[in-house]
Amino acid sequence: GAKMSKSLGNVVSPEEIIDKYGADTARLFILFAAPVEKDLEWSDKGVEGSFRFLNRVWRILGIFENAIKAGADSYDTAALTDEEKDFRRAIHKTAKKVTEDVRDKFAFNTAISSLMELVNAAHNFQDKEINPNLAREFASNLLRMLAPFVPHITAELWEKFFGGDVHKQSWVTYDEAAIAEDTVEIVVQINGKVRDR
């Protein structure tokens, strides 16, 4: 379980990973596996997990393809269902977290983790009809947030859905109103025991 080191002779060549999984998978794994200030502990399972995540991104955007292309860039969010409003809240919470993680902390691993959670949330809509405007907002935000980490797949998907170059787009912005919770559950405890909610 030693960290990679030239002196220990346990360095993994990135060419092997790039040949098998692609450069984006290698980049994603390296940025996700450990904070930038820590040594990287290599894991074949971690590389495969990064590859599976990129495949999930490709699949979910493929499922939403017609909706993304039919959607508009600005729309009335009042028309969204409660479930869609929750998903939009997740999009904007993720945009806020990723922005803060990347800009303020250089915490690329936690930013990527947040993006993985967002893609998982999108899977709730894979068998349902999603509002086309929301699908477009999701795709636009996801691809712009992923672009610094995985430039090749995001460039291809952006060209497919939006045209142009994702790397020339402005960074995501988040809507504070969308992040606000309509209801919040507060737990009342007395002497460490839950008494009410």
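This is a predicted model: local features need pLDDT of at least 70, side-chain atom pairs count only at pLDDT 80 or more; totals for chains, interfaces and linings use all residues.

Reader: How much of the protein chain is buried, and what share of the accessible surface belongs to carbon and sulfur atoms?

Author: Of the 197 residues, 39% are buried. The accessible surface comes to about 11,500 Å², and carbon and sulfur atoms hold 49% of that area. As for contacts with a separation of 6 or more, 69% join residues 24 or more positions apart.

Reader: Why is threonine 25 called buried?

Author: The relative accessible area of threonine 25 is 2%. The label "buried" requires a value under 20%. Threonine 25 therefore counts as buried.

Reader: Where does threonine 25 lie, and with which residues is it in contact beyond its neighbours within four places in sequence?

Author: Threonine 25 lies in helix α2, which covers residues 23–33. With those neighbours left aside, threonine 25 is in contact with Val47, Ser50, Phe51 and Leu54.

Reader: What makes aspartate 86 partly exposed?

Author: Aspartate 86 has a relative accessibility of 46%. Partly exposed residues fall between the buried limit of 20% and the exposed limit of 50%. Because 46% falls between these limits, aspartate 86 is classed as partly exposed. This residue has its place in helix α5.

Reader: Why does phenylalanine 106 count as exposed?

Author: An exposed residue has a relative accessible area over 50%. Phenylalanine 106 has 52%, and is therefore exposed. Phenylalanine 106 lies in the loop between α5 (82–105) and α6 (108–122). Its C-alpha atom is separated by 28 Å from that of aspartate 86, the two residues being 20 apart along the chain.

Reader: Which class does asparagine 191 belong to, buried or exposed, and what is its phi?

Author: The relative accessibility of asparagine 191 is 75%. The threshold for "exposed" is over 50%, so asparagine 191 is exposed. Asparagine 191 lies in the loop between β1 (188–190) and β2 (193–196). Its phi is positive, about 55°, although asparagine 191 is not a glycine.

Reader: How do you know where the buried residues of helix α8 lie around its axis?

Author: The buried residues of α8 (residues 151–161) are Pro151, Ile153, Thr154, Leu157, Trp158 and Phe161. They cover an arc of only 165° around the axis, and so they are on the same side of α8. What covers these buried residues includes α2, α3 (44–63), α4 (65–70) and α7. After α8 comes glycine 163, with a positive phi near 75°.

Reader: What is the volume of the largest pocket, and which residues are closest to its centre?

Author: About 260 Å³ of space lies in the largest pocket. It is lined by 17 residues, of which Asp73, Glu137, Ser140, Asn141 and Arg144 are the closest to the centre. Both α5 and α7 (132–146) supply at least two residues of this lining. The largest share, 5 residues, comes from α7. By type, the lining divides into 5 nonpolar, 6 polar and 6 charged residues.

Reader: Which residues line the second largest pocket, and how do they divide by type?

Author: The second largest pocket holds about 180 Å³ of space. Its lining consists of Thr77, Leu80, Lys85, Arg88, Arg89, Asp175, Ala177, Ala178, Ala180 and Asp182. These divide into 4 nonpolar, 1 polar and 5 charged residues. At least two lining residues come from each of α5 and α9 (176–179), with α5 giving the largest share, 3 residues.

Note on methods: Residues are numbered from 1 along each chain as its sequence is written. Side-chain values use heavy atoms; hydrogens and water are left out. Buried means under 20% relative accessible area, exposed over 50%, partly exposed in between (1.4 Å probe, protein chains only). Contact means heavy atoms within 4.5 Å. On a 1 Å grid over the protein atoms alone, a cavity is a set of points where a 1.4 Å probe fits but cannot get out, and a pocket is an open set with protein on both sides within 12 Å along at least five of seven lines; lining residues have an atom within 4 Å of a point. Grid points are joined across faces, edges and corners, and a volume is the space filled by probe spheres set on the points. Ala, Val, Leu, Ile, Met, Phe, Trp, Tyr, Cys and Pro count as nonpolar, Asp, Glu, Lys and Arg as charged, and the others, Gly among them, as polar. Accessible areas come from the Shrake-Rupley method with a 1.4 Å probe; for residues, only the protein chains shown count as cover. The arc is that of the directions from the helix axis to the C-beta atoms.
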